[in-house]
Structures are given as structure tokens and as C-alpha cells.
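Biologist: Could you take me through this model? I would like to begin with its surface.
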Amino acid sequence: MAEHTSSSITIEAAPADVMAVIADFARYPDWTGEVKEAEVLATDEQGRAEQVRLVMDAGAIKDDQTLGYTWTGDHEVSWTLVKSQMLRSLDGSYILKPAGAGATEVTYQLTVDVKIPMLGMIKRKAEKVIIDRALAGLKKRVEETN
């Protein structure tokens, strides 16, 4: 199994409110920073995204990618790469756990493999930057909308 990077943050909102922001792909360009466009290509029978096209601009890495999403109950979503120009693979997840008094602990896990050669240490650092920015953006977005 490939090495992954993960980090957690506590958000002052209920898990359902956090998941609502995670599931609202159309608004990703408003709070993620790296996502410039997001388009839901397919949804499941509950109306949740199954495939999403994302146009990314993370400085040195610009990419047009499609991700496949799997929803597990109301507290977990995972994704895997369907296609990309820059990436060989990408697997990630958000896992939400109630953290008492209307708060939620959000854990973000990410494994990325780029098509260009990159040292594992540099790749882990890039994953950590992506995760930390995403969690900070998610926390800000959720807490502003509650």
C-alpha cells in the first residue's frame, strides 16, 4: 500500500453542516484556493456527486482531472482518480467524527502519485500542504456559513 499523508482539524459545526460544504462542489473555487473550476459529471440515486471534473492550479502543478467519489453514510467520503494530465494516481478521503458540543473532527487523508519523477519526501510535503490548506479552507467556509 502506498504511503499516505493525513491531518485532522476540529470545526465548530455539526457533521452534517461540514459534509454539506464538502459535497457542494460548485462552491469549491470559493474556498479551496487550488480549485479554479468544478463540474459534477455524474450523481448517485441520492443526488451526491459520483464523478467530478476539477481544474486545478496549485502553482507549479496545473491539472484538469476527474475524480470518482464514494459516499459512506453521512460521515465519510472518499475519492480516486479517474483521469488526469499530471497525476498517475490520487486517493483521498474526509472522515467526520462528532467532537462534542456541536463540533466535528475532520480527518483528511491523501495519497498522490505524479507522472513526473519526484522524491517521496517532497511528495509527502506537497500532500501535507494540500491537506493543511484544504482543512483550513473547509473550517473557515463551514464556520462562516453557520
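Modeller: The protein chain exposes about 7900 Å², and carbon and sulfur atoms supply 53% of that area. Accessible areas come from the Shrake-Rupley method with a 1.4 Å probe, and for residues only the protein chains shown count as cover.

Biologist: What kind of model is it, and how are residues numbered?
Modeller: It is a predicted model, in which local features need pLDDT of at least 70 and side-chain atom pairs count only at pLDDT 80 or more, while totals for chains, interfaces and linings use all residues. Residues are numbered from 1 along each chain as its sequence is written, and side-chain values use heavy atoms, with hydrogens and water left out.

Biologist: How many helices and strands are there in the protein chain?
Modeller: The protein chain has three helices and seven strands, running β-α-α-β-β-β-β-β-β-α from the N terminus. These are DSSP runs numbered from the N terminus: helices are H or I with at least four residues, strands E with at least two.

Biologist: What share of the residues is buried?
Modeller: Of the 146 residues in the protein chain, 38% are buried, that is, under 20% relative accessible area with a 1.4 Å probe, counting protein chains only.

Biologist: Now Glu34. Where is it found, and is it buried or exposed?
Modeller: Glu34 is in the loop between α2 (28-31) and β2 (35-43). Glu34 is buried, because its relative accessible area is 11%.

Biologist: Which side chain makes a polar contact with that of Glu34?
Modeller: The side chain of Arg133 does, at 2.8 Å. A polar contact is a pair of N or O atoms within 3.5 Å; within protein, one must be able to donate a hydrogen and the other to accept it, and residues adjacent in sequence count only if both atoms are side-chain atoms.

Biologist: What else is Glu34 in contact with?
Modeller: Apart from neighbours within four places in sequence, the contacts of Glu34 (heavy atoms within 4.5 Å) include Val55, Met56, Asp57 and Ala58.

Biologist: Turning to β2, in which sense does it pair with β3?
Modeller: β2 and β3 (residues 49-58) pair in the antiparallel sense over seven bridges; pairing requires that DSSP finds at least two bridges between two strands. Glu37 stands opposite Val55 in β3.

Biologist: Which residue takes a positive phi in that hairpin?
Modeller: Gly47 does, near 85°, in a hairpin with five residues between the strands.

Terms used. Buried means under 20% relative accessible area, exposed over 50%, partly exposed in between (1.4 Å probe, protein chains only).
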